[in-house]
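Morning, everyone. Have a look at it before I start.

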Amino acid sequence: MSCLNIVLVEPRIPQNTGNVARTCAATGAHLHLVEPLGFTVDSAKLKRAGLDYWSFLDITYYRNLEDFFSKNAGGTFFYYTTKARQVYSDVSYPDGCFLVFGREDAGLPEELLLQNPRSCVRIPMRQGLRSLNLSNSVAIGVYETLRQWAFPALQNQGQLHQYKWEENCFD
C-alpha cells in the first residue's frame, strides 16, 4: 500500500490545519505536525474544520524540525515554497515521500530551501501575490502525488443517492 506524508512546519492557523487533517484523512495520507504550533490541538477551530474525520487521521507530532528530520532520516522530501524554481507537477513523487509546507506567515526557513534546491517546488500563480492558502496548497500537492500513483486505495467512482447512472452514459 502506498504511503504519502504531509508535513506542516509550525502551522499558525487552526482552521488550516483542520482542513489539512481532513484532506489527509480522506486520502489516507499521514500528517506530521512540527511544533511550535500557533494553537492547541484541542482548539475548537481546529476540531470544527476536521472533526468528522479526526478518528480516521494518522498523525505524528515533533518538537521541532531537528526532531522531525532525525526521526525521518533517509526520507525523500519535497519543499513547497513560492521561492522554488521548478513546478510541483514537473516532479515525480516516489512512494513514502514527504510533502513539506511552512508557516502561513513565513513559509519554510530559507536555509532549508537553500540546502535542498532540487527538492523545492512551487505552485504557479500570478506575480505579486503572496501565496495560496495553506490547506489549498496541501490539497494540490496531495492530489498531484496521488494522481501520479493512480489514486491507490481511493474510491474512483461515485453513486447517486436517489437515482442510478445509466450504464452507457460515459461511452
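Helix H1 is mostly covered, with 10 of its 14 residues buried. Buried means under 20% relative accessible area, exposed means over 50%, and partly exposed is in between, with a 1.4 Å probe and protein chains only. Helices here are DSSP runs of H or I with at least four residues, strands are E runs of at least two, and both are numbered from the N terminus.

Two notes on the ground rules. This is a predicted model, so local features need pLDDT of at least 70 and side-chain atom pairs count only at pLDDT 80 or more, while totals for chains, interfaces and linings use all residues. Residues are numbered from 1 along each chain as its sequence is written, and side-chain values use heavy atoms, with hydrogens and water left out.

Back to H1. The helix covers residues 14-27. From first C-alpha to last, H1 reaches 20 Å, close to the 20 Å expected at 1.5 Å a residue. That expected span is 1.5 Å times one less than the number of residues. The buried set of H1 includes Pro14, Gly18, Val20, Ala21 and Cys24. Just after the helix, Gly28 takes a positive phi of about 80°.

Then comes Ala29, in the loop between H1 and E2. Its relative accessible area is 4%, so Ala29 is buried. Leaving out residues up to four places away in sequence, Ala29 touches Leu4, Ile6, Cys24 and Asp58. Contact means heavy atoms within 4.5 Å. Ala29 and Ser2 are 27 residues apart in sequence, and 9.2 Å apart in space, C-alpha to C-alpha.

Now the partner helix. H5 runs over residues 134-148. H5 has 15 residues and reaches 21 Å from first C-alpha to last, close to the 21 Å expected.

At what angle do H1 and H5 pack? About 15°, with their axes 8 Å apart. Axes are lines fitted to C-alpha atoms, for helices over the stretch in contact, and angles run from 0 to 180 degrees between N-to-C directions. H1 and H5 are therefore roughly parallel to each other. The cut-offs: under 35 degrees is roughly parallel, over 145 roughly antiparallel, 65 to 115 roughly perpendicular, and the rest oblique.

Who meets whom? On the H1 side, Asn16, Asn19, Val20, Thr23 and Thr27. On the H5 side, Leu134, Ser135, Val138, Ala139, Val142, Tyr143 and Leu146. The residues of this contact split into seven nonpolar, five polar and no charged. Here Ala, Val, Leu, Ile, Met, Phe, Trp, Tyr, Cys and Pro count as nonpolar, Asp, Glu, Lys and Arg as charged, and the others, Gly among them, as polar.

Last, the backbone. Most residues other than glycine have a negative phi, and most peptide bonds are trans. Now some departures. Glu10, in the loop between E1 and H1, has a positive phi of about 50°. At 22% relative accessibility, Glu10 counts as partly exposed. Following H5, Ala150 has a positive phi near 65°. Ala153, in the segment after H5, has a positive phi of about 60°. Ala153 counts as exposed, at 70% relative accessibility.

And which peptide bond is cis? The one from Glu35 to Pro36, with omega near 5°. Pro36 lies in the loop between E2 (30-34) and helix H2 (44-50).
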